[in-house]
Amino acid sequence: MAEILSSADDEGRELPRGHESLRFGVSPTNTRRPAPGAIAALTVRGGFTIGPGEGRQVLFGRNKDEVHVCISEEDRRISRRHGVLTHRGGTWWVGNTGQVPIRMPHSQWLFPNEEEIPLAPGYTPLFIRGSGGREHLLEVYVVGPDGDQRVPAHAEPTDQPRSWRLDPRERLVLVALGQRYLRYEARPYPLGRRQVAELLADVDPEGDWTHRKVERVIAGVRKRLSKERVRGLTREEVPEPVGNWLNHNLLTELVMNSATLVPSDLALLEEPPEDDDLDA
């Protein structure tokens, strides 16, 4: 059985590029599990994890040589050292040392040089607005007092999978449709299909996206999940006026209930930076 990594001998380790979303917790090494109170921070470029310890810090920002976690090294709207995670008094705190605010779940904002905010155990996505309207995601996970619950369970019954299979085209459309849900906004609602088509025309110009094509993709996923007994995806199952209820229920299932879509999927909507953005 994997032993728990103590805070005394944990000087931190890097998380590789392509590490699974921290929405699912912190992956253990071959021999050790994260200590209670450990923290992990992750971007699309990789991340860092370290155990608790008074005064320990995890720096994040644009300059990869000065921080533990690099956020979009080419986007000059992100400060070289944009923020810091600090362990103090048994709690991890997030502080903003950059030039633009950090958005937290439920539309809470952390402004530059404002008082630090404590992080609760579990998963917290942080968003930083960059050039060209892009939002960069920093995933943070604090291991609870009982440690990482993903322990070996060799003899336990197998849980039935809840995640739904989506092909790349469906995932792209649904991430665009449900980006407000993936950004943990306070009162999220789906984008309109015309808005989705306009966004995808920029992200995937070879896709020849129209609002009708977007609607066909969404309707196909709703129909498939409805056959698998997911409720609230047909007109007969929701009250009038139908409005956005069908897509809201679809996104609730994909994001909240099954974690089929996770915040790191928002990277699918990022466009390569324009030359003007780099000179901003």
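Is arginine 134 buried or exposed? I looked this up before anything else. Arginine 134 counts as buried, at 8% relative accessibility. I am working from a predicted model.

**Entry 1: overview**

I took the chain totals next. The secondary structure comes to six helices and 14 strands. The chain has 280 residues, and 48% of them count as buried. I also checked contact range. Among contacts with a separation of 6 or more, residues 24 or more positions apart account for 58%.

**Entry 2: salt bridges**

How many salt bridges does the count give? I get 14.

I started with arginine 134. Its salt-bridge partner is glutamate 74, with the closest N and O atoms 3.3 Å apart. Glutamate 74 lies in the loop between β7 and β8, and arginine 134 in the loop between β13 (122-129) and β14 (135-142), so this pair ties together parts 60 residues apart in sequence. Glutamate 74 counts as partly exposed, at 24% relative accessibility, whereas arginine 134 is buried at 8%.

Both residues belong to a wider set. I find a network of salt bridges linking Arg45, Lys64, Glu73, Glu74, Asp75 and Arg134.

I then moved one place along the chain, to glutamate 135. Glutamate 135 forms a salt bridge with arginine 183, and the closest N and O atoms are 2.7 Å apart. Glutamate 135 sits in strand β14 and arginine 183 in the loop between α2 and α3 (193-203), so the bridge ties together parts 48 residues apart in sequence. I noted burial here too: glutamate 135 and arginine 183 are both buried.

Arginine 81 is in the loop between β7 (69-70) and β8 (83-88), and glutamate 66 is in the loop between β6 (57-61) and β7, so the pair ties together parts 15 residues apart in sequence. Arginine 81 is partly exposed, with a relative accessible area of 43%. Glutamate 66 is partly exposed as well, at 36%.

**Entry 3: α1 against α4**

At what angle do helices α1 and α4 pack? I read about 100° between α1 (residues 168-177) and α4 (residues 211-227), with the axes 10 Å apart. Angles of 65 to 115 degrees count as roughly perpendicular, so α1 is roughly perpendicular to α4. I listed the residues that make the contact. From α1 they are Arg169, Glu170, Val173, Leu174 and Leu177, and from α4 they are Lys213, Val214, Val217, Ile218, Val221 and Arg224. By type, the contact divides into seven nonpolar residues, four charged and no polar.

An α-helix has 3.6 residues a turn, so residues three or four places apart point the same way.

**Entry 4: lysine 213**

Lysine 213 is found in helix α4. Which side chain of opposite charge is nearest to lysine 213? I find aspartate 208, 4.5 Å away. A salt bridge needs nitrogen and oxygen within 4 Å, and lysine 213 is buried yet has no salt bridge. I checked its surroundings, leaving aside neighbours within four places in sequence. Lysine 213 is in contact with Arg169, Gly207 and Asp208.

**Entry 5: two positive phi angles**

Aspartate 208 came up again in the backbone check. Its phi is positive, about 50°, although aspartate 208 is not a glycine. I place aspartate 208 in the loop between α3 and α4. Aspartate 208 is exposed, with a relative accessible area of 57%.

I recorded a positive phi at alanine 259 too. Phi there is near 55°, again in a residue other than glycine. Alanine 259 is in the loop between α5 and α6 (275-278). Alanine 259 is buried, with a relative accessible area of 9%.

**Entry 6: helix α5**

I finished on the helix that alanine 259 follows. Which residues of helix α5 (residues 245-257) are buried? I list Leu246, Asn247, Leu250, Leu251, Glu253, Leu254 and Val255. These buried residues pack against α1, α2 (179-182) and α4.

Note on methods
Residues numbered from 1 in each chain as written. Predicted model: local features only at pLDDT ≥ 70, side-chain atom pairs only at ≥ 80, totals over all residues. Heavy atoms only, no water. Axes fitted to C-alpha atoms, helices over the stretch in contact; angles between N-to-C directions. Helix = DSSP H or I, 4+ residues; strand = E, 2+ residues; numbered from the N terminus. Parallel < 35°, antiparallel > 145°, perpendicular 65-115°, else oblique. Contact = heavy atoms within 4.5 Å. Nonpolar A, V, L, I, M, F, W, Y, C, P; charged D, E, K, R; others polar. Buried < 20%, exposed > 50% of the residue type's maximum accessible area, 1.4 Å probe, protein only. Lys, Arg positive; Asp, Glu negative; His and termini not counted.
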